[in-house]
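Visitor: I would like to learn how to read a protein model, one feature at a time. Could you take me through this one slowly?

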Amino acid sequence: MTVHLRSAWSIALLLLVGIASCAAPVTPSSLGERPTDIVPLAAEQPANDEDAIRQLIGQEAAALVSQDLAGLMALWADDAVIVDAKHTPQDASDDARWRGRDAIRERYVVLVLPGNPLAAGARDIQITVEGDTATATSTTAIGDEVAVGGDRWTFVRRGGRWSISGLTYNLEP
C-alpha cells in the first residue's frame, strides 16, 4: 500500500509541476530570442498596408510596455536603424545612432526598458506607402513624455511581411 501511495503522490506532483509550468509566464530570458521569422500575433489580419503599418507601431508600443524584448526584436528588420535627433532635426552631427538588430537590442536593454514605461502609444499617425516601403510620422507618448510630431518611422516589406526599418525620434525642436 505504501508503494502505491508513494506512486500516486509522485504522479500528482508531476501533474502539478506540469500544470504550473504551463501557467508560468514566458519571458524572453526563459526562452531566448525568438527566430526573426516569427511575428507577434495580431488581433486581426490587416485589411491593407496602412493597417499593417499601424498594427506594427501598436505592437512596438505594447511590447515596450510589457518589456517583451523578443517581441520587440521580432518587429525590426535586420538592417534597421534608430536615430535620436536630439531635438535638432536640421543638425545630424549630434545624432545618436543604433544600427542593426544587436545595437537596437542594446538600446532597448540599456536605455528604454529600465525606465519601465507603464504606457506607450502613437497617435496622429500619417502613413505613406510606396510599393514595399513606407514612412509614417506620429505623435508618440511614452509614460508622461509626449513627442508631438516627433517621430518618423520607416518600414520595409520583405517576403510579404512588413518590418520596422527605422525610427527617428526627438524631431521636435
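Guide: The charged end of R107 sits over the ring of Y108, 5.6 Å from its centre, where sitting over a ring requires NZ of Lys or CZ of Arg within 6 Å of the ring centre and within 35 degrees of the ring normal. R107 also lies over the face of W98, at 5.5 Å from the ring centre. This is a predicted model, in which local features need pLDDT of at least 70 and side-chain atom pairs count only at pLDDT 80 or more, while totals for chains, interfaces and linings use all residues. Residues are numbered from 1 along each chain as its sequence is written, and side-chain values use heavy atoms, with hydrogens and water left out.

Visitor: How is a pair of aromatic rings described, and what does a search of the whole structure find?

Guide: A pair of aromatic rings is described by the distance of the centres and the angle of the planes. The search of the whole structure finds one aromatic pair. The ring centres of W153 and F155 are 6.2 Å apart and their planes lie at 15°, so the pair is stacked; rings of Phe, Tyr and Trp (its six-membered ring) pair if their centres lie within 6.5 Å, and planes under 30 degrees apart count as stacked, over 60 as edge-to-face and the rest as tilted.

Visitor: Are W153 and F155 buried or exposed?

Guide: Both W153 and F155 are buried, which means under 20% relative accessible area, whereas exposed means over 50% and partly exposed lies in between (1.4 Å probe, protein chains only). D84 counts as buried too, because its relative accessibility is 12%.

Visitor: Which residues does D84 touch?

Guide: Leaving out residues up to four places away in sequence, D84 touches D95, A96, W98, Y169 and N170, a contact being heavy atoms within 4.5 Å. The C-alpha atoms of D84 and T168 are separated by 5.9 Å, although these residues are 84 apart along the chain.

Visitor: How many helices and strands does the protein have?

Guide: The secondary structure comes to five helices and six strands, where helices (H or I, at least four residues) and strands (E, at least two) are DSSP runs, numbered from the N terminus. Along the sequence, the pattern reads α-α-α-α-β-β-α-β-β-β-β, and D84 lies in strand β1, residues 76-84.
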